[in-house]
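Visitor: I would like to learn how to read a model like this one. Please take me through some features, one at a time.

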Amino acid sequence: MDETEFWELVDASREAAEGDPEEQADLLVERLLGLDPESVLDFARHFESRYNRAYRWDLWGAAWLLLDGVSDDAFDFFRCWLIGQGREVFEGALHGDPDSLADLLDDFDEEIDGDGEELGYAADEAYEQLTGNVAPDLGIPPAPAEPEGTPVDFENESALAERYPRLWQRFKE
């Protein structure tokens, strides 16, 4: 499975779920069950590598503003959700600037958006259903012990407003 096929599966499941992350995870499992086990592992490798790349302080700061505070676990689930938003949003946040999420996200409801925990388990669930076995080690480097970049002071509202002006204006003012 190449990167394009990975993003096509993510996009198709998100569109069919009409943005509901839990429904998206269920639909993603269904789609993955139509593939062979090695393709499911390829999907998992693509997902995990993006999940690890998103372990960054600047992205955590953006999640903090979007969700009005984010614990370690909540940031993990946010990264899964961000991948579930598709290539344009994910790459825009990582390669552009996390503050661009203010423009990239049409609608954002903190009650359902921002938590894609189940998306993180979709490939494992599909692999186990296909093979009866737990997915093996994916053979990719682990996430860094600490987020990449410069730490963000989540308690300093003026620093957050300066660092993320568009997110601050849209979600805090």
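Visitor: Is D68 buried or exposed?

Guide: Start with the terms: buried means under 20% relative accessible area, exposed over 50%, and partly exposed in between (1.4 Å probe, protein chains only). D68 is exposed, at a relative accessible area of 53%.

Visitor: What should I know about the model before going on?

Guide: This is a predicted model, where local features need pLDDT of at least 70, side-chain atom pairs count only at pLDDT 80 or more, and totals for chains, interfaces and linings use all residues. Residues are numbered from 1 along each chain as its sequence is written, and side-chain values use heavy atoms, with hydrogens and water left out.

Visitor: Where is D68 placed?

Guide: Helices (H or I, at least four residues) are DSSP runs, numbered from the N terminus. D68 sits in the loop between helix 4 (57-67) and helix 5 (72-84).

Visitor: How do I read backbone phi?

Guide: Most residues other than glycine have a negative phi. D68 has a positive phi, near 60°, and is not a glycine. E18 is also not a glycine, and its phi is positive at about 55°.

Visitor: Where is E18 found, and is E18 buried or exposed?

Guide: E18 is in the loop between helix 1 and helix 2. Its relative accessible area is 75%, so E18 is exposed.

Visitor: Which residue does E3 bridge to?

Guide: E3 pairs with R87, the closest N and O atoms being 3.2 Å apart. This pair links distant parts of the chain: E3 is in helix 1, R87 is in helix 6 (residues 87-96), and they are 84 residues apart. E3 is partly exposed at 29% relative accessible area. R87 counts as partly exposed too, at 35%.

Visitor: Which residue does R166 bridge to?

Guide: R166 forms a salt bridge with D99, again with 3.2 Å between the closest N and O atoms. R166 lies in helix 10 (residues 165-171) and D99 in the loop between helix 6 and helix 7 (101-104), so the pair ties together parts 67 residues apart in sequence. D99 is buried, with a relative accessible area of 2%. R166 is partly exposed, at 34%.

Visitor: Which residues are linked in a network of salt bridges?

Guide: R56, D58, D97 and R163 are linked in such a network.

Visitor: Now helix packing. At what angle do helix 3 and helix 8 pack?

Guide: Axes are lines fitted to C-alpha atoms, for helices over the stretch in contact, and angles run from 0 to 180 degrees between N-to-C directions. Helix 3 (residues 37-53) and helix 8 (residues 122-131) pack at about 165°, with axes 9 Å apart.

Visitor: Which residues make the contact?

Guide: Contact means heavy atoms within 4.5 Å. Helix 3 supplies P37, V40, L41, F43 and A44, and helix 8 supplies A123, A126, Y127, L130 and T131. Next, sort by class: Ala, Val, Leu, Ile, Met, Phe, Trp, Tyr, Cys and Pro count as nonpolar, Asp, Glu, Lys and Arg as charged, and the others, Gly among them, as polar. The contact of helix 3 with helix 8 has 9 nonpolar, 1 polar and no charged residues.

Visitor: At what angle do helix 3 and helix 5 cross?

Guide: Their axes cross at roughly 125° and come within 9 Å. That makes helix 3 oblique to helix 5. In helix 3, F47, R50, Y51 and N52 meet D76, R79, C80 and I83 of helix 5. By class, this contact has 4 nonpolar, 1 polar and 3 charged residues.

Terms used
Helix = DSSP H or I, 4+ residues; strand = E, 2+ residues; numbered from the N terminus. Salt bridge = Lys/Arg side-chain N within 4 Å of Asp/Glu carboxyl O. Parallel < 35°, antiparallel > 145°, perpendicular 65-115°, else oblique.
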